[in-house]
Amino acid sequence: MPALLLDQSYSSLGYRLPDRPDFEADDPDRIEADAAAGRASIAARSGCTPLVKMLSSPMPSVLCASADALFNLAILGDNADELHALGTLRKLHDLLRHDDAAVVTGFAGVLMNCCASSPAARKELAGQGLLPTLLSLLARGVGEADGPLVQPELVSRVLGAINNLLLDEQCAATALHHEAGLLLLLRLLREPQADDDALLEDAASCLVRIARADVDAAVLLIGNGALSAVEARLPTDLEELQLRLCQLALQLCAAQRPAREELHALGGTLKLLPLLYSSAEEVQEGAVMALQELTNFKPAAVLARRQGGIDGLVALFRSPDPAVRTTAVACLVNICRVDQKAAAATREAEGIPPLAAFLNDAAEPMRVAAA
């Protein structure tokens with residue numbers, strides 16, 4: 001949000017950004033520092049009460065201004081908690097049914113940030129039934145299949161709100177009750193109507209959280225082409241999307257044994273293996289966890305060895321993350337169990353000395369895996 005708008009919003013509540021003759025509008029660090037100072041100041045002074053009073057206004061312009069300010073403030077958990085304590089969340093939820101599209105978009109953003117920053121707000125909103133409300137708005141904003149997004153900004157904010165709301169595992173476990181909305185999320189991943197990286201990342205993240213919370217939902221996704229969507233998106237250069245796709249592959253393959261065979265047949269094994277060498281540790285972890293599940297299928301394990309996967313796994317033995325090291329060893333175990341040539345490949349990759357050292361590791365799971 002532009003610094004001028006922040007200044008106007010905060011000055012009405014008794015806070016004003018400091019004057020700086022050397023202010024650079026293109027300096028994101030400075031802008032964010034000022035914004036954070038404003039949020040903290042309001043939390044410590046007047047709080048959100050003045051803005052809450054504006055939510056009863058019949059004027060869309062007033063409501064939109066309130067939404068802009070609350071969107072900013074709710075990034076800070078203290079402010080989102082205050083909205084919860086004031087009993088304002090129901091009003092914010094109800095404003096998603098407003099006739100003015102700009103008002104709806106504005107308050108979808110407010111709820112997105114409330115769900116991100118405040119577990120208490122997230123839990124209450126889940127209990128209010130926010131998920132079906134958001135899924136209905138998402139359908140409105142997306143429009144017909146293969147067409148452009150009807151309301152791109154609404155879709156962006158609603159999808160972000162759904163993603164954050166699904167941090168509540170109980171809420172994520174109810175997604176199967178809204179099958180049309182669940183399949184719409186899959187459609188966004190499979191056939192996005194907009195060239196929007198954030199949209200793809202949020203859609204994939206939503207599906208991960210749902211599949212993790214409910215095996216039946218994962219099975220429904222598999223039956224509706226989720227594995228082919230994962231395989232088709234894996235060549236992306238976006239690290240956040242790579243991570244989410246790895247996580248989704250893991251959840252789907254863990255939910256149903258034939259999913260391993262299907263993903264492998266689609267070419268998923270070949271596309272996951274290069275991610276072991278990613279410069280992002282989180283992507284490496286996601287890839288090795290997905291491959292650990294996938295290599296329970298013998299052809300996937302054999303292909304992993306043939307394509308140099310063992311070198312990548314041994315390289316991960318040096319990871320500073322104990323979970324990554326343990327998972328890499330467990331994945332190697334899967335490969336060695338079904339492929340007689342894997343032991344020689346492990347020796348060539350100089351994997352035997354670290355495996356021997358892992359036998360004395362402080363963590364029992366690692367000792368067991370290494371043995």
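## Stop one: the cysteines

Select Cys206 to begin: this residue is buried, with a relative accessible area of 0%. Keep in mind as you click around that you're looking at a predicted model.

Next, pick Cys331, which is buried as well, at a relative accessible area of 1%. Which cysteine has the sulfur closest to that of Cys331? Select Cys336 and draw a distance between the two sulfurs: they are 9.8 Å apart, too far for a bond. A disulfide is a covalent bond between the sulfur atoms of two cysteines. How many disulfides does a search of the whole structure find? The search comes back with 0.

## Stop two: the whole chain

Now zoom out and switch to a cartoon view. You'll be looking at 25 helices and 0 strands. Of the 371 residues in the chain, 51% are buried.

## Stop three: the nonpolar core

In soluble globular proteins, nonpolar side chains tend to be buried together. In this chain, the largest nonpolar core has 114 residues. Select Leu70, Leu92, Leu96, Phe107, Leu138, Ile162 and Leu252, the members that touch the most other members.

Stay with Leu96 and show its surroundings. Beyond its neighbours within four places in sequence, what does Leu96 contact? Look for Val104, Phe107, Ala108, Leu111, Leu130, Thr133, Leu134 and Leu137.

## Stop four: Glu285

Jump to helix α19, residues 281–294, and find Glu285 there. Is Glu285 buried, exposed or partly exposed? Its relative accessibility is 23%, so Glu285 counts as partly exposed.

Glu285 and Asp321 sit 36 residues apart in sequence, and their C-alpha atoms are 8.9 Å apart in space. Leaving aside neighbours within four places in sequence, Glu285 is in contact with Asp321, Ala323 and Val324.

## Last stop: Glu350

Finish in the loop between α23 (342–348) and α24 (352–358), where you'll find Glu350. Check its backbone: phi is near 60°, a positive value in a residue other than glycine. Glu350 is also exposed, with a relative accessible area of 60%.

Terms used:
Residues numbered from 1 in each chain as written. Predicted model: local features only at pLDDT ≥ 70, side-chain atom pairs only at ≥ 80, totals over all residues. Heavy atoms only, no water. Disulfide = S-S within 2.5 Å. Buried < 20%, exposed > 50% of the residue type's maximum accessible area, 1.4 Å probe, protein only. Helix = DSSP H or I, 4+ residues; strand = E, 2+ residues; numbered from the N terminus. Core = buried A, V, L, I, M, F, W, Y, C linked by side-chain atoms within 4.5 Å. Contact = heavy atoms within 4.5 Å.
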